[in-house]
Amino acid sequence: VTGTTLALSVNGPQGRRDLPALALQPVSPAIMELDGSPLLQDADREIALDGSNPGRSHMRVRIMAEGLGRVRPDWPAGSPTPADNTPQVVAQVRAYLDREPIEVLRAVLWPGLTGVYMVEIEIPATLQRGLSELYLEVGGQESNRVRVYIEP
């Protein structure tokens with residue numbers, strides 16, 4: 001869907017009902033969560049980050065995200081993403097850990113999945129231990145903020 005608004009009408013047993021127009025945005029970023037835990041992965045070992053497997057200095061982390069907008073080359077909605085030549089997010093993607101910018105290595109559609117994005121970051125060198133706040137900014141829009149446990 002393109003444009004700035006989307007008008008919807010529903011036809012049912014009670015007749016037609018016109019719904020208020022919905023505002024459209026090119027992006028609406030979100031870090032995906034399951035049962036309140038962010039879907040983050042150690043990129044080298046391909047295992048989930050959690051209390052027993054914390055993030056560490058210089059670790060590459062994959063963030064499972066949605067709502068990052070268009071990709072290049074265009075990819076048909078509803079089709080699994082290829083493993084090779086993975087389409088890249090068009091909008092600028094930034095990541096923040098405890099409100100400090102961190103390096104984004106890539107932002108692509110997640111290979112083998114449909115409609116899911118992978119943002120890969122590198123955790124900077126840190127001496128702090130404990131919970132940190134992670135979020136994304138895409139096309140000027142901020143995502144939800146999630147907690148990630150970090151060790152030096």
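Which residues line the largest cavity? Let's start there, keeping in mind that this is a predicted model.

## The cavity and its lining

The largest cavity is lined by Leu40, Leu49, Val61, Leu97, Ile102, Ile121, Ile123, Leu134, Val148 and Ile150. Sorted by class, that lining comprises 10 nonpolar residues, with no polar and no charged ones.

As for its volume, the largest cavity comes to about 40 Å³. The structure holds one cavity of 30 Å³ or more.

Now to the aromatic side chains: searching the whole structure turns up one aromatic pair. The ring centres of Tyr96 and Tyr135 are 5.0 Å apart and their planes meet at 15°, so this pair counts as stacked. It connects distant parts of the chain, with Tyr96 in strand S12 (residues 93–97) and Tyr135 in strand S16 (residues 130–138), 39 residues apart.

Both partners, Tyr96 and Tyr135, are buried. Tyr135 also has a charged neighbour, as Arg145 lies over the face of its ring at 3.8 Å from the ring centre.

## Glu137 in strand S16

Another residue worth a look is Glu137, which is found in strand S16. Is Glu137 buried or exposed? Its relative accessibility is 16%, and buried means under 20%, so Glu137 counts as buried.

What does Glu137 touch, leaving aside residues up to four places away in sequence? Its contacts are Gln92, Val93, Arg94, Tyr96 and Glu142. One of these, Tyr96, is also a member of the stacked pair with Tyr135.

Notes:
Residues numbered from 1 in each chain as written. Predicted model: local features only at pLDDT ≥ 70, side-chain atom pairs only at ≥ 80, totals over all residues. Heavy atoms only, no water. Phe/Tyr/Trp six-rings, centres within 6.5 Å; stacked < 30°, edge-to-face > 60°. Helix = DSSP H or I, 4+ residues; strand = E, 2+ residues; numbered from the N terminus. Buried < 20%, exposed > 50% of the residue type's maximum accessible area, 1.4 Å probe, protein only. Lys NZ or Arg CZ within 6 Å of the ring centre and 35° of its normal. 1 Å grid on protein atoms, 1.4 Å probe; cavity = no way out; pocket = protein on both sides within 12 Å on 5 of 7 lines; lining within 4 Å. Points joined across faces, edges and corners; volume = space filled by probe spheres on them. Nonpolar A, V, L, I, M, F, W, Y, C, P; charged D, E, K, R; others polar. Contact = heavy atoms within 4.5 Å.
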